[in-house]
Amino acid sequence: MLAMHHQIVALSILLLGLAPNLFASGFSLDVTSSSSKTHKSAAADTSERTSRIAIVGAGAVGSYYGGRIWESVRCSNSTDVLFHLRNEHYAHCVENGITVTSIDGNLNIPSDELLAYSTTEDMAKSVKDEDDDSHAFDWVIVALKSSSLDAVPELIKPLTSPETRVLVIMNGLIEDDLTEMMREEQGLECKAVYGGMALICSNRLSPGVIDHSYAGKLVVGVAYSADADDDGYCKWVESDKKAIMDLFEPVTPVPFEFEDNLLRGRWWKNCWNLPFNGISVAMGGITTDRIVGDPSLRKLAYKVMDETIATANADLAKHGFPEEDYLPEDTREKMMVFTDTMGAYKPSTMLDLHARKPMEVKYLFKTALDRATKLGVPVPHLETLVSQIEAFQRHYKLY
C-alpha cells in the first residue's frame with residue numbers, strides 16, 4: 001500500500017503540471033427488495049436528513065467515480081449513494097454488485113449494499129418522504145456519453161429540485177445545448193449545473209466489472225448557477241465552488257480540481273480527445289501507443305493539437321475572457337508526454353467503433369469543427385479527421 005501511495009502521489013504531480021488551473025479536461029427490471037431494505041434502514045438510522053447522491057449512467061466512468069464516492073461515505077448513516085444502471089449491467093449488479101479493479105486500489109460494492117435502480121423514476125420514488133417536502137437529491141451526477149445528451153433532461157427531471165446540484169461528466173462542448181435542453185424540459189430547476197472533464201483510462205470489461213488502468217483526475221467547472229448575479233456564460237459564486245469541493249474532498253483516491261473557467265477546461269480536454277480519439281477512429285480503431293509510436297501519426301497529432309489550441313483561444317477571446325485564460329502553446333507537448341506514458345489504451349470512441357455502438361461524433365468532434373469554422377480558424381487536419389469519422393459513422397450507422 002505504501003508503494004501504491006507513492007505511485008499515486010507521483011502521478012498526481014505529473015498531472016498537476018500539465019496546464020494552468022487544471023490538469024488543466026432500455027430499462028426494464030425493478031429494484032430488488034434487498035436494495036430497498038438497505039436504503040430504508042440507512043435512512044432510519046439517523047435523526048438527521050439523509051443526504052442523497054444519484055449516479056445516473058453508472059458505466060465505466062460513472063461506476064468508478066460513483067464507487068469512489070460510495071467508498072468515502074460507506075460508514076456514514078447520513079449519506080446514500082444510489083446507482084442508475086442499464087440493461088445487463090443492471091441485472092448483473094443487482095446479483096453481484098459492482099467490481100472495480102484500479103491502479104489506485106480495488107473496490108467492490110456488494111450486492112446487499114448496492115442501491116441499484118433501472119429507472120430514475122424508481123430511484124426518485126424510493127427516497128420520497130411524504131413527511132419531508134425538502135429536495136430528495138443533493139447531487140445528481142450524470143456520466144453518460146454525449147451521444148445520449150438529448151436524454152439527460154428527461155432522465156434527471158424526477159431527481160432534481162431547486163436545491164439539487166447537477167454534475168455532468170461528459171466529453172465535448174455540451175454546455176450550450178445541455179442548459180438549453182434543461183430549460184425547455186424543466187426550466188433549469190436546480191441549484192447549479194457543473195461540467196466535468198474526466199482525465200481517466202477506465203473501461204467496462206463486462207457487466208458490473210470496471211478496470212481503471214491510468215490517471216483518474218476529475219476537473220470540474222460551473223456551467224450555470226442559480227445564485228449568480230446574471231445568467232452569463234459559466235458564471236458562478238463561491239458557494240458553488242465550495243459545494244463541489246466539499247463533495248470530493250473526502251474522496252481521496254480521486255485527484256480533484258475546480259476549474260474556474262469551464263470553457264477553457266472543455267477545450268483543454270479537447271486537446272487530448274480530438275487528436276487521440278480522432279486519429280484512433282480515423283485509422284479504423286487503434287490504441288494510443290500506436291499513435292505516439294508512429295512518426296507520421298505523432299506529427300498529425302501535434303498538428304491537430306495546434307489547431308485545437310488556436311480554436312480554443314479564439315473561442316475564449318470571443319467570450320471576453322482575458323489572455324491569461326488562454327491555453328498556452330506548451331499544452332501540446334504536455335499532452336504528448338502524458339500519452340507517451342499511457343500504454344496501449346483503447347479510447348472510448350475506438351471501443352464504440354469496434355462494438356458498432358453509437359459514437360460521440362456530434363459533441364466530441366463536429367461541434368469543435370463547426371466552432372472553428374464560425375470563428376474563422378483554419379483547421380484542415382481536424383476537418384479531414386472529422387470527415388473520416390463521420391464516414392465510419394454513416395457506413396456502420398453508429399448513431
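How much space lies in the largest pocket? About 1,200 Å³ lies there. The structure is a predicted model, in which local features need pLDDT of at least 70 and side-chain atom pairs count only at pLDDT 80 or more, while totals for chains, interfaces and linings use all residues. Residues are numbered from 1 along each chain as its sequence is written, and side-chain values use heavy atoms, with hydrogens and water left out.

**View 1. The largest pocket and its lining.** A pocket is an open set of points on a 1 Å grid over the protein atoms alone, where a 1.4 Å probe fits, with protein on both sides within 12 Å along at least five of seven lines; lining residues have an atom within 4 Å of a point. Of the 44 lining residues, Gly59, Ala60, Lys145, Ser348 and Asp352 are the closest to the centre of the largest pocket. Strand E8 supplies the largest share of this lining, 10 residues.

**View 2. The largest nonpolar core.** Such a core joins buried (under 20% relative accessible area, 1.4 Å probe, protein chains only) Ala, Val, Leu, Ile, Met, Phe, Trp, Tyr and Cys residues through side-chain atoms within 4.5 Å. Among its 47 residues, Trp267, Trp272, Phe276, Leu327, Met336, Met342 and Met359 touch the most other members. Helix H9 gives the most to this core, with 10 residues.

**View 3. The surroundings of Met359.** Leaving aside neighbours within four places in sequence, Met359 is in contact (heavy atoms within 4.5 Å) with residues including Ser147, Val281, Asp352 and Phe392.

Terms used. Buried means under 20% relative accessible area, exposed over 50%, partly exposed in between (1.4 Å probe, protein chains only). Helices (H or I, at least four residues) and strands (E, at least two) are DSSP runs, numbered from the N terminus. Grid points are joined across faces, edges and corners, and a volume is the space filled by probe spheres set on the points.
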